[in-house]
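Hi,

Here is the structure I said I would pass on.

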Amino acid sequence: MATIVDQAVCIRHWDWSETSQTVSLLTREHGVVRGLAKGSRRERGAFSGGIELATRGELVAILKNTDALSTLTSWELRSLHAGLRRSLNAYNAGMYLIDLVFHAVTDRDPHPELFDALCRGLEALGADDAAVERAVLGFQWAMLSETGYRPDLDIPGTLDVVRFRPELGRFSADDQSGWRVRGATVELLASLDAGGLASADEEAVARANRLLAAYIRHVLGREPPTMRVYWGGDPLSPARATGAAKGDSR
């Protein structure tokens, strides 16, 4: 057993009793930690009145050496990420981000940069809907990069349309199988990978977002429950709030 002090974001919680919770937390230095927070729901105690979804805090916990739940001894709330409550779209986006973590990251496998990306994404949800879309895109890219599934963006030349092979994680200029993708979408992802989205318009960001969501679903081998809630349907359908015609490429 070892006692840890770490920053954490709550990605799941369940009622254990009237006063206690079991929780799943993404910590910065120790990965996903699942634990029991006895007395966390009491008004006066060591847990700031309870641990809520998508909140960030400083955690003190005793990690077990087995699959048994860790014991959480305190939780000091640092951020409510109140922007999630700005709109239904922001809330659905926030739930989607933490759902991706829950399904993609294994216990005790630390990803400090992914933790930082999650915090940035949750903070950004307090702005307008365009900022929400960019926050989701940035986090999806960070998650794929940190878990080893970053798409290969190396395509010779500049083409209007390419194909993406999700089983290979790469784009191709001459392959006729796979998903039809605009060359501009690949260029946008390359810009994102280099540290920014430059002057990308909302529709271009939405296309790239849908592509990454569908690829994440392929990588996971299942669809996170919040995916269709946020996207308003299958992310491969181009109709979600973009004005794109059916059959348009990503």
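First, some housekeeping. This is a predicted model, so please keep in mind that local features need pLDDT of at least 70, side-chain atom pairs count only at pLDDT 80 or more, and totals for chains, interfaces and linings use all residues. Residues are numbered from 1 along each chain as its sequence is written, and side-chain values use heavy atoms, with hydrogens and water left out.

**The barrel**

Helices (H or I, at least four residues) and strands (E, at least two) are DSSP runs, numbered from the N terminus. Two strands pair if DSSP finds at least two bridges between them. In general, strands of a sheet pair through backbone hydrogen bonds, either parallel or antiparallel.

Here, 5 strands close into a barrel, in the order E1-E2-E3-E5-E4, with mixed pairing. From one strand to the next, the twist averages 45 degrees. (Axes are lines fitted to C-alpha atoms, for helices over the stretch in contact, and angles run from 0 to 180 degrees between N-to-C directions.)

E1 and E2 make a hairpin with 5 residues between them, and they pair in the antiparallel sense over 7 bridges. Trp14 has Thr22 in E2 as its bridge partner. E1 also pairs with E4 (residues 56-63), again antiparallel, over 8 bridges; there, Val9 stands opposite Arg56.

The parallel pairing to look at is between E3 (residues 31-37) and E5 (residues 70-79), which are joined by 2 bridges. Gly35 is opposite Ser70 of E5 in that pair. H2 packs on the sheet too, touching E1, E2, E4 and E5, and its direction makes about 50 degrees with that of E1.

Next, 3 strands form an open sheet in the order E7-E6-E8, with antiparallel pairing. E7 (170-172) and E8 (179-182) stand at the edges with a single partner strand each, so one side of each is left without a neighbour in the sheet. The twist averages 40 degrees from one strand to the next.

E6 (residues 161-165) and E8 are paired over 4 bridges in the antiparallel sense, and Phe164 faces Trp179 in E8. Two helices lie across E6, E7 and E8: H4 (residues 183-193) runs at about 70 degrees to E8, while H5 runs at about 150 degrees to E8.

H1 covers residues 88-104, and its length works out well. The expected span of a helix is 1.5 Å times one less than its number of residues. For the 17 residues of H1 that gives 24 Å, and the end C-alpha atoms are 24 Å apart, which agrees. H1 lies across E1, E2 and E3, running at about 115 degrees to E1.

H1 is mostly covered, with 12 of its 17 residues buried. (Buried means under 20% relative accessible area, exposed over 50%, and partly exposed in between, with a 1.4 Å probe and protein chains only.) Among the elements covering them are E1, E2, H2, H3, H5 and H6.

One of the buried residues is Asp99. Asp99 counts as buried because its relative accessibility is 1%. Leaving aside neighbours within four places in sequence, Asp99 is in contact (heavy atoms within 4.5 Å) with Arg12, Pro224, Pro225 and Thr226. Asp99 and Met227 are 128 residues apart in sequence and 8.5 Å apart in space, C-alpha to C-alpha.

The axes of H2 and H3 come within 9 Å and cross at roughly 170 degrees. H2 and H3 are therefore roughly antiparallel to each other. (Angles under 35 degrees count as roughly parallel, over 145 as roughly antiparallel, 65 to 115 as roughly perpendicular and the rest as oblique.) The residues that meet include Leu114 and Leu118 in H2, and Phe139 and Met143 in H3.

Finally, have a look at Asn209 in H5. Asn209 is buried, with a relative accessible area of 0%. Not counting residues up to four places away in sequence, Asn209 touches Glu133, Val136, Leu137, Gln140 and Trp231.

Cheers
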